[in-house]
Every structure is written in structure tokens, then in C-alpha cells.
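My notes follow in the order I looked things up.

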Amino acid sequence: MKKALPGFLLFIAILLCASSSSYCYTEEDICSRKGSLCQSLKEKGFSSDDLAPLFSDPRVTLYPEILEKKGKGLDYFNKKFGLLTRDSVERGKAVLKSNKSLLVDIGARYKVEPEVLIAVYRVETNFGRYVGTYPVFNSLLTLSLFENRRSEWADRELVSLLVLSRSEKIDPLSIKGSWAGAFGLCQFIPSSYLSFGADGNNDGRVDLFQFTDAMASIAKYLAGHGWASGHPEKMKKAIYAYNHCDNYVRAVLAYADAIEKPYKKTLKKPAQVRKKRKVARA
């Protein structure tokens, strides 16, 4: 492993200097961050022969600009987001109706209402319209090598990405998602894929860009974080685990309520959303 990385580190140092004067790190600077990453990869059984071709791939690059991005603060009830507009609600109902049998089966298996699964799908990627265009490997590598509050987290997620890529025989540089390292229709980070990815169509694989697997994975995740229908606090806690944002929790519950009932011109505001939802009917 040690023989494979120095050339890569020099390449990264040059790339950083060329990319942004604000983030001009030397090879020595980067070496101070690569220790835990190398050790973690070694512990997972990755050898120099495994890593050399990956790190020398011309597709590997860094995005220093993402260090300035914030993962929180999105106003899901903003008019531009359009969460509770007629069109948005009707599209959600259409997805719910056209996949009713599948969603009821998944809901019954994990004890999570189908409306909630579709609500997460809508809030996360607007029904798959916005799954992200960043190579996840590059995003996580950037967050790992630059010293920042996400560095240790990014180390772990990068290791998880390579583990899942090896397991599923996927090119890790081919997986695209958000700048923060989430991917798929339900925007899972790699470690969540490993822990909660579900094979919804029984084809022997977990593909989060496939609707059935994405819905089953959302359900498994919420169930694994204590979802309990009819218990508002447990429901909120499970959704909060998915995205640590109170406004996100309110948005998911508000949209789930909206697609469960006939559309009304004046939908309830976030603060007026029902605190208690009905238990899903099988």
C-alpha cells in the first residue's frame, strides 16, 4: 500500500494548487490526513495492487469548493421547492397508485406506511429527478484529504464505498450522487447502504437507483431506527436519523399526509401537520 500512494499524493498536491489558491496543500499536508484512510483500507483487506489502479485513474479529482457547502438549512416549504403544490401532490399520488401492490408489501414487511416512503422519495430527489452528478468517490476523497469537520466521517464512508463496490463488483468511480457523498433515489451514504440496503425485487442485488430497492431500503432504514406507526415521537426520531434536520422531518410528514387524502386548495402549514398518523392498512 505504501508503495502505491506517494505518486498519488504528489498528483493530488499539484491538483490542489492548480484548482484553488485558497486550498493549496503540499504533499506533506495531505500525508497528515491519509494515515487513517490508509489504515482503514488495509484493515478491510485492500492491498497496493487493489488501490494503485484506482488512485491513478485519470477520473480521480478533487472539489475543494464543496468544503464551503452546508448540508443543512434547506427550506422544504419554500415556494421554489414546491413540496405541497397541486402538481407535486398529484405526482406523489400517481407514484403511490401505480406501485400500490409493491409499496403495500414493503410497508407490511417493515411496518412503515407507503405514503412515508414516497414522501422521502419526493423530498430527497423529487422522484429521481435530482440524484446528483458528483462522482461519490471524488467527493468523499476531497472531504477526507482536506482537514475539516467531516474528514474522519469521510474516511469511514470512503472505506464503505470501496467495500460495497468490491462486494457488488461495481466501479467505485462510476457511482454518482451528491457533493456530500449520498447516492441513489433515496440518497443513502455508503455506510447506510451496507447496513440498510434492501433487495426489494429479489434479484440478488441492491441497486439504489432502482425504485423497488430504493423503497425497500427507505423502509428498512426507518424501521431500523425505531419507526413505530401511531407513535409521533418515534416516527419523528426515525426520520430525523435519515436527515438531521427538524424541517426535513416536518416536510416528510406533511407530504405523507398530503398524498394520503384528497387534495385541498389550502393545505395545512407545517406547524399544523397532524402529530399522529394512522397505522398503515395492509
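Predicted model: local features only at pLDDT ≥ 70, side-chain atom pairs only at ≥ 80, totals over all residues.

**Aromatic pair inside**

I started with Tyr121 and Phe127, and both are buried (buried is under 20% relative accessible area, exposed over 50%, partly exposed in between, with a 1.4 Å probe and protein chains only). Residues are numbered from 1 along each chain as its sequence is written, and side-chain values use heavy atoms, with hydrogens and water left out.

For ring pairs I used this rule: rings of Phe, Tyr and Trp (its six-membered ring) pair if their centres lie within 6.5 Å, with planes under 30 degrees apart stacked, over 60 edge-to-face and the rest tilted. The count comes to 14 aromatic pairs. Tyr121 with Phe127 is an edge-to-face pair, at 5.4 Å centre to centre and 85° between the planes. I also found one aromatic cluster made of Tyr76, Phe81, Phe188, Phe196, Tyr221, Tyr242 and Tyr248.

Where does the charged end of Arg166 sit? I find it over the ring of Phe46, 4.2 Å from the ring centre. The test here wants NZ of Lys or CZ of Arg within 6 Å of the ring centre and within 35 degrees of the ring normal.

**The whole chain**

I get 12 helices and 2 strands for the protein chain, in the order α-α-α-α-α-α-β-α-α-β-α-α-α-α. These are DSSP runs numbered from the N terminus: helices are H or I with at least four residues, strands are E with at least two.

Of the 282 residues, 52% count as buried. The chain exposes about 14300 Å², and carbon and sulfur atoms supply 52% of that; the areas come from the Shrake-Rupley method with a 1.4 Å probe, and for residues only the protein chains shown count as cover. Among contacts (heavy atoms within 4.5 Å) with a separation of 6 or more, residues 24 or more positions apart account for 68%.

I checked the length of α6 (residues 114–125) next: its 12 residues should span 16 Å at 1.5 Å a residue, and the end C-alpha atoms are 17 Å apart, which agrees. The expected span is 1.5 Å times one less than the number of residues.

How many of its residues are buried? I count 12 of 12 for α6, and the list includes Glu115, Arg122 and Glu124. The buried residues pack against α4 (86–98), α5 (100–110), α10 (211–224), α11 (232–242) and α12 (246–260).

Lys111 is in the loop between α5 and α6. Its phi is near 60°, a positive value in a residue other than glycine. Is Lys111 buried or exposed? I have Lys111 down as exposed because its relative accessibility is 58%.

Asn126 follows α6, in the loop between α6 and β1 (134–135). Its phi is positive too, near 50°. I noted Asn126 as buried because its relative accessible area is 12%.

Leaving aside neighbours within four places in sequence, Leu222 is in contact with Val112, Val116, Trp227, Ala238, Ile239 and Tyr242.

I found 12 of the 15 residues of α12 buried, so this helix is largely enclosed by the rest of the structure. Its buried residues pack against α4, α6 and α11, and they include Tyr248 and Asp257. From first C-alpha to last, α12 reaches 22 Å, close to the 21 Å expected.

**Arg59**

Last, I looked at Arg59, in the loop between α3 (48–55) and α4. I marked Arg59 as partly exposed because its relative accessible area is 39%. Not counting residues up to four places away in sequence, Arg59 touches Asn138, Asp171, Leu173 and Ser174. Arg59 and Pro135 are 76 residues apart in sequence and 9.0 Å apart in space, C-alpha to C-alpha.
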